[in-house]
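Here is a short tour for anyone opening this structure for the first time. Have a look at it, then read on.

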Number of protein chains: 2
Amino acid sequence: MAPRPRSVYVGIDLGGSKILAAAVTPRGRIISRAMRPTPFRSGGRALLESISESVREAVRDAGKPRIRAIGMGSPGPLDPEKGIILRTPHIDVSRLPVGPWLSRRFGAPVILDNDVHMGLYGEFRAGAGRGHRNLVGIWVGTGVGGAVILGGRLLHGSNRNAGELGHMVLDASIARAGKPAGTLEGEAAKTGMARRLREGLRQGRRTRLASALRAGGRRLDSRELETAVKGGDPLARAVARRSARFVGIAIANLFDALSPELFVLGGGVVEALGRDYLREVRETARAFVFSTELAPVRIVKAALGDDAGILGAALAARRAHPR
Amino acid sequence: MAPRPRSVYVGIDLGGSKILAAAVTPRGRIISRAMRPTPFRSGGRALLESISESVREAVRDAGKPRIRAIGMGSPGPLDPEKGIILRTPHIDVSRLPVGPWLSRRFGAPVILDNDVHMGLYGEFRAGAGRGHRNLVGIWVGTGVGGAVILGGRLLHGSNRNAGELGHMVLDASIARAGKPAGTLEGEAAKTGMARRLREGLRQGRRTRLASALRAGGRRLDSRELETAVKGGDPLARAVARRSARFVGIAIANLFDALSPELFVLGGGVVEALGRDYLREVRETARAFVFSTELAPVRIVKAALGDDAGILGAALAARRAHPR
């Protein structure tokens, strides 16, 4: 084993169901990881304590090095300059100053950015996006998040939350302001798929996910979804196809608008449904895109799995605080 | 009158119904304009000759100065580096090397870019976009075109045709690959509005645009549309509202994705339907957008009218060939 470093960067990935933390060497290697369930219904204080515990565990397992800087990815919208989570659909907090709080707790500078920004940054620096300068990331999990890297830099835009792709309306026939139906997230994410499955059940259709839906409420387990889809459950397959179709349409729209070199797809749904899902996404995107005379639509799966967010956050912290 | 300049930049705007050309002083002032109808069904040779005539007329009226460089905006997709129009939905040409052809004809360098790229560049340098560095333009006319300026530069992307916003699918319920229904252009542009009006007629609804639709085929006249909508024609109003709603949804999606400081709306439909149309666009965009905590969605009308494209093309030529 390599010698323990005297200092590390810490990466944190706050998700709708779990908090991940890692200690990362200044060279960019993950040396320890920690995980906590996300207390998504317990308010800000409980959330901050759980994040803090995950950091402490990761740093302890790395041999208690000095923390150079902390990078954290979180669902948004955020105020990245002030380190505040403004609100977030799947976790019960609002205007939470997580950046300043963690900075005081650990005596290190903290940078905060959108979770998928951090994940795509990880893929860009160390995963499926290496060698490209213009990428769009779409993460399909509990919700749908996105990120845009242009010219090697994460795009934040005037509202500092650019890349928020989950709320794009793709089906104006059914979209109502503030409602999920017809949006990318509302049709493609696990929350959206669960809603469509429950609708199917109410219409008398059958699925082996029925009991899981009753037990889990709005949260659908990726493993159970995978088993149902791969086992040929017709309702689950139809809902998965619809999810892939919406992701494919979003990609076609974004290719027409931005024409990135590469789309990187990550998140629990993409991981669980794998190759068939990706094929459906690619076919839809290629059918709807307008101009590919001078460059093709390229869509790849994220390569780093759960490490993308924590590594990306640590590398973003390193970029902001090189020593 | 100011003295005639010894040299000028020429700007050309190739539209679905007319070709505009202008001679522009090195300081950026338009000193002459020319117009020709677009021979949109007559093939490449006739189109090149009409463009050439419009340039000759503009330069003659400017007192026959030397041409420093020519900038031309055209509907796409294009190969801007090679100066080729690859194809374009509303004009019957394909792989037309307009750049090299004009360059030989006039003995000056030619730059070719998308028509709305040039229009937005004009607004950015001299119109409604002045003072901003990050803008999205949406031009709603015969078709719908778009352009993205980030950090003060037109975005071209890997396929060199980024900003092609008209083909974005916004209504997945009715969208079919390669068909207009459910896309921004297919619902918001004059071609799309004419299709919806004809559907209404077939369903037994009445509109004072009926005879214009029979006479004009796919092409709807902006003036007649304006008269019908402002005169209270219910079918025309419903179709205009639908157009505005689709533009508003597109803006919400693009604000979430890119968060530009400003959206600039131009084109014949926006000019004709004016304030009511813009209000409907703004209301829809604001209803659907996700995060405006740190910056509002700002939507303005283009300020330069028909001059945006010709002036933008000339200024883009000046940028590429400063002397």
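## A first look inside

Let's start in the middle: the largest nonpolar core has 108 residues, and those with the most contacts inside it are A:Ile138, A:Leu184, A:Ile251, B:Ile138, B:Leu184 and B:Ile251. Keep in mind that this is a predicted model.

Another covered spot is strand β8 of chain B, residues 110–114, where 5 of 5 residues are buried. Strand β4 of chain B (residues 66–74) runs parallel to β8(B), and 5 bridges join the two. Within this pairing, B:Ile70 sits opposite B:Val110.

## How the two chains meet

How are chain B and chain A related? A rotation of 180° with 0.0 Å of shift along its axis puts chain B on chain A, with an RMSD of 0.0 Å. That is what a two-fold axis does. The copies meet through the same surface, because 98% of the interface residues of chain B are also interface residues in chain A.

At that interface, 50 residues of chain B touch 49 residues of chain A. The area buried between the chains is about 4000 Å², and carbon and sulfur atoms give 60% of it. B:Asn159, B:Phe290 and B:Leu294 supply 18% of the area that chain B buries against chain A, more than any other three residues.

## Charged pairs

Over all chains, the whole structure has 34 salt bridges, and 2 salt bridges cross the interface of chain B and chain A. Here are a few pairs, with the distance from N to O.

| Pair | Distance |
|---|---|
| A:Arg87 and B:Glu293 | 2.5 Å |
| A:Glu293 and B:Arg87 | 2.6 Å |
| B:Glu49 and B:Arg45 | 3.2 Å |
| B:Asp61 and B:Arg60 | 3.4 Å |

Take the salt bridge of A:Arg87 with B:Glu293. A:Arg87 lies in strand β6 of chain A and B:Glu293 in the loop between α9 (268–288) and β13 (299–301) of chain B, so this pair joins two chains. A:Arg87 is partly exposed at 29% relative accessibility, and B:Glu293 is partly exposed too, at 36%.

B:Glu49 and B:Arg45, by contrast, both belong to helix α1 (residues 43–61) of chain B and are 4 residues apart, about one turn of the helix. B:Arg45 counts as exposed at 54% relative accessibility, while B:Glu49 is partly exposed at 24%. Elsewhere, a network of salt bridges links A:Glu187, A:Arg195, A:Arg196, A:Glu199 and A:Arg242.

In chain A, 3 strands make an open, antiparallel sheet in the order β5-β6-β7. β5 (78–79) and β7 (94–96) are at the edges with a single partner strand each, so one side of each has no neighbour in the sheet. Strand β6 (residues 84–87) is joined to β7(A) by 2 bridges, and the bridge partner of A:Arg87 there is A:Ser94.

Last stop: A:Asn134, in the loop between α3 (115–126) and β9 (135–140) of chain A. Is A:Asn134 buried or partly exposed? With 25% relative accessibility, A:Asn134 counts as partly exposed. Beyond its neighbours within four places in sequence, A:Asn134 is in contact with residues including A:Ile149, A:Leu150, A:Pro260 and A:Leu262.

How values were computed: Residues numbered from 1 in each chain as written. Chains lettered and ligands numbered in written order. Predicted model: local features only at pLDDT ≥ 70, side-chain atom pairs only at ≥ 80, totals over all residues. Heavy atoms only, no water. Buried < 20%, exposed > 50% of the residue type's maximum accessible area, 1.4 Å probe, protein only. Pairing = 2+ DSSP bridges. Least-squares fit on C-alpha atoms with pLDDT ≥ 70 in both. Contact = heavy atoms within 4.5 Å. Core = buried A, V, L, I, M, F, W, Y, C linked by side-chain atoms within 4.5 Å. Buried area = accessible area lost by both parts, 1.4 Å probe. Salt bridge = Lys/Arg side-chain N within 4 Å of Asp/Glu carboxyl O.
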